[in-house]
Structures are given as structure tokens and as C-alpha cells.
Amino acid sequence: MKIAVLGGDGFVGWPTSLHLSSLGHEIHILDNLSRRWIDTELGVQSLTPMDSIQERTRIWHQETGRRLHFHLIDIARDYEVLKRWLSENRPDAIIHFAEQRAAPYSMKSDRHKNYTVNNNVNATHNLLNAMVELDLDAHLVHLGTMGVYGYSTVGAAIPEGYLPVGIETMSGDTVSQEILYPANPGSIYHMTKCLDQLLFQFYAKNDGVRITDLHQGIVWGTHTEQTRLHPQLVNRFDYDGDYGTVLNRFLIQAAIGYPLTVHGTGGQTRAFIHIQDSVRCIEIALKSAPKRGERVKIFNQMTETHRVRDLAEMVARIAGGRVAYLPNPRKEAAENDLVVKNEQFLALGLDPITLEAGLLSEVIDVAKKFAYRVDRARIPAVSAWTRDIAPKIDRDPEGKRLKSVG
Ligand code: NAD
Ligand code: USQ
């Protein structure tokens with residue numbers, strides 16, 4: 001297949017591009033490299049030394065003989081350029097990763113809120129709009145989030161996208177319907193993914209666009225089979241307070257002897273998936289496209305759930321280190337249970353990689369190797385969800401006063 005990977009320079013997009021290329025697909029990466037610019041804005045860098053996208057694609061060709069094509073396009077702002085590219089290339093499938101994906105970054109300031117909404121919603125709408133205009137019947141696979149459901153439990157498992165409900169009619173009968181699970185975002189970023197869901201629902205219904213939305217949990221790990229092939233194919237690894245996600249942060253913190261930064265009581269339960277499974281799931285989803293006119297296909301792309309404090313204790317046990325319980329910069333439930341259905345991927349052959357000491361140690365080893373690149377001052381999470389919370393986030397886990405808050 002000819003596949004366009006929007007956001008193919010990112011943490012999940014890069015290993016996905018390599019995986020699909022190794023399977024023989026023709027891969028075109030469309031990316032505006034905004035993630036690299038955000039690193040510059042924040043004064044941080046990936047733990048792992050990432051080469052330019054052009055250099056990465058050159059090494060991939062050298063190692064495998066396969067080509068990855070790169071196109072510098074802003075999906076959110078360059079509508080005409082995107083449309084022209086799609087019209088000239090007419091891909092069979094489009095994988096859409098190209099959004100601002102960090103909840104803390106989306107909550108930093110009014111500017112960051114505007115940027116995240118404008119970038120994410122426009123990117124998704126531009127793409128759908130252009131596909132319809134060009135009568136392009138490509139399968140659109142979007143990376144959504146478990147966060148659209150809101151993590152809270154009502155004593156039932158979270159279904160894969162749709163909730164069966166009974167509605168009482170005016171005549172007193174009950175009719176059954178399946179509706180999108182009620183959206184309950186916990187950040188501006190997560191809210192944009194809820195808005196994406198509505199865009200997908202409309203375009204699938206109105207124009208028959210074939211869409212799969214993958215509600216993904218927190219991705220952890222760094223290597224996949226293909227990124228291991230050469231040091232310059234290494235994946236990015238975010239550890240800073242805005243982009244680093246919880247388990248990868250704990251692993252790097254343990255590796256450099258930094259206290260493990262648990263927010264609040266650590267009673268938050270979240271869904272997780274290893275990066276290798278993430279790329280496999282995308283491959284599986286590509287093979288299982290909905291038909292024209294079918295409703296949006298939704299998969300829960302996760303393999304296990306864990307409580308944050310249990311993860312911290314586990315990492316501290318494996319690698320050594322102290323767990324620090326910190327004031328929570330976020331407005332979120334202090335404790336929640338989370339049970340998630342993921343039967344569709346299991347039925348389609350996913351054999352989940354679950355948390356085990358070997359894989360955790362692999363990430364710790366990567367972190368130790370590149371520990372010299374870590375700026376400890378960038379580890380604290382200082383993006384506060386509300387004005388009331390901001391003054392409480394004034395010290396780092398080592399007790400030093402933080403210069404800027406909020
Ligand atoms: P990332 O930030 O590493 O990658 C996103 C890529 O998209 C970057 O290369 C960025 O430059 C590009 N991009 C952003 N806006 C763009 C635009 N307007 N035009 C062109 N390119 C643009 O993020 P990631 O961790 O690889 O996540 C990819 C997708 O998966 C995101 O949509 C995210 O919401 C979703 N997701 C990620 C995780 C996770 O734990 N990383 C979990 C669940 C869902
Ligand atoms: N947390 C800590 N300590 C830290 C960092 C985070 O306790 O040092 C806590 C947070 O308060 C939160 C939980 O860990 O309760 C998860 O935070 P996270 O930053 O790992 O994940 P999140 O903000 O939800 O976002 C990440 C990705 C996002 C994706 C989402 C999937 O950045 O793109 O959509 O995971 S999910 O969490 O399932 O919604």
C-alpha cells in the first residue's frame with residue numbers, strides 16, 4: 001500500500017513508519033517538525049540523540065534498501081499544499097499522528113491552549129475536508145486517546161468507543177441505541193481529541209469517509225525491532241515535565257538517581273501500551289478497514305492498566321531510588337479504578353507485551369547510556385491546570401525552589 005504517515009517524525013510515528021516500510025509498504029512521512037521546534041521553545045532535547053529526519057531516512061535506506069519519503073507540510077495551516085499533495089499522490093491509507101499531544105504543554109498558558117486547539121482541530125478537519133473534496137477513498141487511521149473517556153469508573157468496563165443506551169420515548173417505550181461514550185476530557189489536549197471524534201462521526205456519516213480511531217493509552221518504552229537496527233534510527237525519548245509520560249519518566253528518573261515524581265497520592269489508574277505493540281496495532285488496524293458508509297471503527301489500543309504509585313514502587317524496586325509524593329499540578333481524580341475492554345485487537349491477533357522487568361530494564365539501560373544529556377532542571381512538571389494550583393508547585397522533588405511556575 002501507499003501510506004501517508006502524518007506526524008511520522010514523532011515518538012510513535014517514526015517507529016510506525018519503519019515497521020510499515022519493513023513490511024514493504026510505500027511510506028510518505030508528512031510532518032512540519034513542530035515537535036522539534038517545541039523542544040527548542042522549552043529548552044529541552046530528547047534523551048536519545050535524534051538525527052534530522054532526512055538523515056534518519058538516509059540511514060534507513062542504507063540499512064534496508066528501502067526508501068522513506070519526507071514532505072515538510074503543516075497539516076493544520078497549509079491546506080492547499082496538503083490538498084495538492086493528496087491529489088498528486090492519492091495514498092491508499094493515511095495514518096494521522098500529527099497533533100500536539102502533551103496535556104501539560106496544552107495547559108501551560110492561554111497561548112498554548114490556543115495553539116493546541118488550532119493545530120489539532122484544524123489538522124484533523126483539513127485532512128477530512130481535502131479527502132472529501134478530492135473524492136479520495138483512503139482508509140484514515142487516527143491516533144486518539146483513552147483520555148476521551150475520562151478514566152472514571154462507574155463500576156463497568158469502558159467499551160470500545162460506543163455505549164449501548166436505552167432511551168425512553170414519549171410513548172413510554174424504551175429504544176436501544178449505541179452512542180459515542182460520553183466525552184470527559186481532563187485537559188485542553190484531551191478535549192481536542194474529543195472534538196476530533198465528532199469530526200470523524202460527521203464525515204463518516206455525511207461523506208462515507210472510512211475512518212478508524214484508535215483510543216490509545218500511555219505509550220512506554222523506546223525501541224522497536226526496526227529502531228534497534230542502527231544507532232541513528234533511535235526513537236525520540238521525552239523525559240521533561242511537559243512531554244515525558246509517566247512510566248518513561250519514572251524509568252529515566254530511576255536511572256539518574258532522581259526522586260520518582262508521583263503526582264498526589266499516585267492513586268490515578270491509567271492504561272498503558274508498549275511502543276512495539278503500538279506499531280503492531282496500527283498494522284492490524286490498517287488490515288481491518290471499515291467499509292464505505294460504515295460508522296467510525298473504534299479500538300481501545302492498550303494492553304494493561306496500572307496505578308501510578310504501583311508503577312513508581314515497581315520501578316524503585318527494580319532500579320533503586322526514592323519515590324517522592326508531590327503536589328499534583330493537574331486537576332484530576334486523586335484515585336480511580338479503570339477497567340478497559342480491548343477485545344477487538346486481541347481477536348485480530350495482538351499478543352500483548354506486558355510490563356516485565358526485562359523490558360523495563362532495557363529502557364533504564366537506554367536512560368543510563370544517555371544520562372549525560374539530561375537537564376535535571378527540566379524534570380519537574382510545572383504546568384498547573386488552574387491558577388489555584390500554580391502556587392503549590394513551587395519546589396522540585398529535591399526541595400529546591402522552582403523559578404517559574406504555571
Ligand atoms: P509526537 O509529538 O512525538 O509526534 C507528533 C508529530 O506530529 C511530530 O513529529 C510533530 O512535528 C507532528 N505534527 C504536529 N502538528 C503537526 C502539523 N500541524 N502538521 C504536520 N505535522 C505535525 O507525539 P507521539 O507521542 O508520537 O503521538 C502521536 C499521536 O498519538 C498523537 O496524536 C497523540 O495524541 C497520540 N497518542 C500518543 C500517546 C503517547 O503516549 N505518546 C498515547 C496516546 C495517543
Ligand atoms: N504523572 C505523575 N508523575 C509524572 C507524570 C505524570 O504522577 O511525573 C501522572 C499524571 O498526573 C497522570 C498520569 O500520571 O495522572 C498520566 O500522565 P502522563 O503524562 O503519563 O499521560 P497523559 O497526560 O494522560 O498523556 C499521555 C500522552 C497523550 C495520550 C495519553 C493517553 O502524552 O498523548 O493521549 O497519555 S491516556 O493517558 O490514556 O489518556
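Let's start with Tyr105, which is buried at a relative accessible area of 2%; buried means under 20%, exposed over 50%, and partly exposed in between, with a 1.4 Å probe and protein chains only. Quick housekeeping: this is a predicted model, where local features need pLDDT of at least 70, side-chain atom pairs count only at pLDDT 80 or more, and totals for chains, interfaces and linings use all residues. Residues are numbered from 1 along each chain as its sequence is written, chains are lettered from A and ligands numbered from 1 in the order in which they are written, and side-chain values use heavy atoms, leaving out hydrogens and water.

Tyr115, by contrast, is partly exposed, at 25%. Now, rings of Phe, Tyr and Trp (its six-membered ring) pair if their centres lie within 6.5 Å; planes under 30 degrees apart are stacked, over 60 edge-to-face, and the rest tilted. That rule gives six aromatic pairs here. Tyr105 and Tyr115 have ring centres 6.4 Å apart and planes at 85°, so they sit edge-to-face. Together with Tyr243, they form one aromatic cluster.

And which kind of pair do Phe299 and Phe345 make? With centres 4.5 Å apart and planes at 25°, they're stacked. Both Phe299 and Phe345 are buried.

Last bit, the helices (DSSP runs of H or I, at least four residues, numbered from the N terminus). Trp14 and Leu18 are among the H1 residues meeting H3, where the partners include Ile53 and Trp60; contact means heavy atoms within 4.5 Å.

Technical notes: Helix = DSSP H or I, 4+ residues; strand = E, 2+ residues; numbered from the N terminus.
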